[in-house]
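Have the model open as you read, and follow along residue by residue.

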Amino acid sequence: MNYKHALQNKIFKIISQSAKELHLDSYVIGGFVRDFILERGTAKDIDIVAIGSGIELAKQVAKNIPNQPKVQVFKTYGTAMLRYEDIEIEFVGARKESYNEDSRNPVVENGSLQDDQNRRDFTINALALDLSEENFGDLLDPFQGIEDLDAKIIKTPLNPDITYSDDPLRMMRAIRFATQLDFIIEKDSLDAIKRNNERIHIITKERIVVELNKILESKKPSIGFLLLEETGLLKHILPELSALKGIDEVDGQKHKDNFYHTLEVVDNIAPNTDNLWLRWAALLHDIGKAPTKRFSKKVGWTFHSHEFEGSKMVYRLFKRLKMPLNDKMKFVQKMVFMSSRPIVLAQDVTDSAVRRLVFDAGEYVDDLMTLCEADITTKNPHKFKKYHNNFKIVREKIVEVEERDSVRNFQPPISGEEIMKAFNLKPSKEIGLIKEVIKEAILEGEIPNEFDAAFQLMLKEGERLGLTKSE
Ligand code: CTP
């Protein structure tokens, strides 16, 4: 089969010409070919294999590009990279590769194209297109990768035990591709992942998180998390989530399975947001339920303060996975911490409760509503409709309260300096007390968020505290 039409970008002719000048063969391989056949849009990455030195080929290609881009060389890996327009092109020499047991540092020897294809992760990622002048665009598909693309199957070129133990991250890549592409992992492969799941510990956290993020960014993330669970990988990387699995029953009283509930929430939120961190919040919103679960004869199952516990767990989880401990993490914590607020409020939508919600959630109040709407997983159509309607009312009230009281990014209408001036005070605790009273009165709707009303309240409160107004 010939795929010349996949190689219309000028760069492929330049690579072909450069390889000819060096008397070596070269091929496009991997994701570019796969995604072209799947019509997944134009790739931003191209992987080139040279039968010879990838670094030399990269340098020759750079010479043949009019603006002569810089070549970045990674000597230890024998690879080189350059940028052409907005595409990253990576060059590697064909390798016959095996990895030593307890790290993923490869022991490398030069090899043929077939050797190189053998050591790739999946048949659908081992497809190569010839870049030589004579066979330009010819497909080389020794493992029937095209058939697997058609049948939507993830399968390793070699015995899966070998492929996965060469680089255990591939176990997560299999699951990530299955999620992104909605493919099935072939049974032998799935069994091999189950057998090898412990080896995921030798992989750096950063690489694991890249795959988790890609699963979360997919259209239906639950596919990936169910597979992570089924293969036993989940308990190694996100034990907080595995701990949510299961239903306990005491005296005929059950609680819901919070793992499957969580996955429903993540799938529900996916069409409504591309914000990766809001998706993380959906994934983690109930993690505090495992450690706070209690049963009492009187009230049945409870998860007291699970939101608070959960938000503390978010920090520990991010730290363990070497994820950023910055405002993204704080955002996830805040969402988890506040995740039950709107649902409580929706039972009885009062102005002051909405004002407090907007005050506490600040700029993230819309994200919080999106999370809480996704959290409605009841199978009772009557309740489903009722909860959604209530949230609609909450959303309307948020807009209303916002227009009137602008509490979203609350700025006190009277500053500490103004209070000090009014009562001729030095910095003291009375200033804080007065500010708190004003803020509370605004949130309760007793006074509008305006200077004059706040000033009057300040005078009244000052008097109550025994302060004298300065002349
Ligand atoms: N590859 C591999 N084993 C890995 C990582 C990558 O065999 N652990 C090979 C595969 O042939 C893959 C190619 O290297 O197609 C490029 O890897 P990468 O850029 O990570 O993935 P893509 O397949 O391009 O897909 P995506 O861009 O979606 O990550």
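## Who surrounds the ligand

Helix α7 supplies the largest share of the shell around the ligand, with 4 residues. Keep in mind that you are looking at a predicted model. In total, 13 residues surround the ligand, and the closest are R34, D121, N125, D167 and R170.

What kinds of residues make up this shell? The shell divides into 9 charged, 3 polar and 1 nonpolar residue.

Several N and O atoms are worth a click. In the side chain of R170, an N or O atom is 3.0 Å from a nitrogen atom of the ligand. For R176, a polar side-chain atom lies 3.0 Å from a ligand oxygen atom. N125 uses its backbone instead: one of its backbone N or O atoms is 2.9 Å from an oxygen atom of the ligand.

On its own, the ligand has 550 Å² of accessible area, and the protein covers 77% of that.

## Where the ligand sits

The ligand takes up the space of the largest pocket. Two elements, α2 (31-37) and α7 (169-181), each give two or more residues to the shell around the ligand.

Why does the ligand lie between domain 1 and domain 2? Residues of the shell come from both domain 1 (4-151) and domain 2 (152-237), so the ligand lies between them.

Key
Residues numbered from 1 in each chain as written. Predicted model: local features only at pLDDT ≥ 70, side-chain atom pairs only at ≥ 80, totals over all residues. Heavy atoms only, no water. Near = heavy atom within 4 Å. Polar contact = N/O pair within 3.5 Å; in protein donor to acceptor, adjacent residues only side chain to side chain. Areas by Shrake-Rupley, 256 points an atom, 1.4 Å probe, with all protein chains shown as cover. 1 Å grid on protein atoms, 1.4 Å probe; cavity = no way out; pocket = protein on both sides within 12 Å on 5 of 7 lines; lining within 4 Å. Sits in = over half its atoms within 2 Å of the grid points. Nonpolar A, V, L, I, M, F, W, Y, C, P; charged D, E, K, R; others polar. Domains from an automatic or database assignment.
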